[in-house]
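Please look at the sequence and the structure below before reading on. The report that follows begins with charged side chains and then turns to the nonpolar ones.

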Amino acid sequence: MEELLTLKDLLVKGDVQRALLIVEELTEMSRNDIIKTIRSYAVILLLHLIKQQAENRTTRSWEVSIRNSVREIQRENKRRKAGGYYLTAEELLEILAEAYLNAIDEATLKVEEGRYEPEELEKLINREEIINRALTLILPGESS
């Protein structure tokens, strides 16, 4: 945490402008970590939604993974002290769209024991419906 020591030193010296630059840098680093974590859980969430739709069934294990992923995304996105959320619904939608590609790749290994290539699997499912379902689950007040 060299940045924090530098920030402290700048504040002690009264160099507020440079201190603010470090605060902005730290804020961006924190936000990037949050996005990375949310994207990881989004892949898991989307994977199970893809499996549900492709196989037209669900399992308790998939349901638990979906709920856990949703909870973790919600927890990671929530600002604890300031209140509110780090990412807007639009930003979450963008992350889900990015995570979808990884989820499809993972799903090719899982759906019907790896029977499909990504292109084949995508023909069996509705991408937009899956992403919108994931967003609905994630948004506050929308999930259990």
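With which residue does R75 form a salt bridge, and how far apart are the closest N and O atoms? In this predicted model, the partner of R75 is E72, and the closest N and O atoms of the pair are 2.9 Å apart. Because R75 and E72 are three residues apart in helix α3, they are separated by about one helical turn. An α-helix has 3.6 residues a turn, so residues three or four places apart point the same way. R75 also meets the side chain of E76 in a salt bridge, at 3.5 Å from N to O, and in this way E72, R75 and E76 are linked in a network of salt bridges.

Side chains of opposite charge can pair when their charged atoms come close. The count of salt bridges comes to eight, and the table gives the accessibility of the residues named so far.

| Residue | Relative accessible area | Class |
|---|---|---|
| K13 | 62% | exposed |
| D9 | 36% | partly exposed |
| R75 | 41% | partly exposed |
| E72 | 24% | partly exposed |
| E76 | 18% | buried |

E76 counts as buried because its relative accessibility is 18% and the cut-off for buried is under 20%.

Helix α2 runs over residues 16-55. Just after α2, N56 takes a positive phi of about 50°.

In soluble globular proteins, nonpolar side chains tend to be buried together. The largest nonpolar core here has 33 residues, of which L45, L46, I50, L96 and L121 touch the most other members. At least two residues of this core are supplied by each of α2, α3 (60-77), α4 (89-110) and α6 (127-138), and the largest share, 11 residues, comes from α2. Leaving out residues up to four places away in sequence, L46 touches L96, A99, Y100, A103, I130, I131 and A134. Another core, of five residues, lies apart from the largest one and includes L7, L10, I22 and L26.

Which residues make a nonpolar surface patch of about 220 Å²? The patch is made by V16, L20 and V23. L20 is found in helix α2 and counts as partly exposed, because its relative accessibility is 41%.

**A buried residue in a loop**

Is V111 buried or exposed? V111 is found in the loop between α4 and α5, the latter covering residues 118-124, and V111 counts as buried because its relative accessibility is 1%. Apart from neighbours within four places in sequence, V111 is in contact with K51, A54, E55, Y116 and L121. By contrast, L4 is 47 Å from V111 in space, C-alpha to C-alpha, and 107 residues from V111 in sequence.

Definitions and conventions: Residues numbered from 1 in each chain as written. Predicted model: local features only at pLDDT ≥ 70, side-chain atom pairs only at ≥ 80, totals over all residues. Heavy atoms only, no water. Patch = residues over 30% accessible without salt bridge, like charges linked within 9 Å, V, L, I, M, F, W, Y side chains within 5 Å. Areas by Shrake-Rupley, 256 points an atom, 1.4 Å probe, with all protein chains shown as cover. Salt bridge = Lys/Arg side-chain N within 4 Å of Asp/Glu carboxyl O. Helix = DSSP H or I, 4+ residues; strand = E, 2+ residues; numbered from the N terminus. Buried < 20%, exposed > 50% of the residue type's maximum accessible area, 1.4 Å probe, protein only. Core = buried A, V, L, I, M, F, W, Y, C linked by side-chain atoms within 4.5 Å. Contact = heavy atoms within 4.5 Å.
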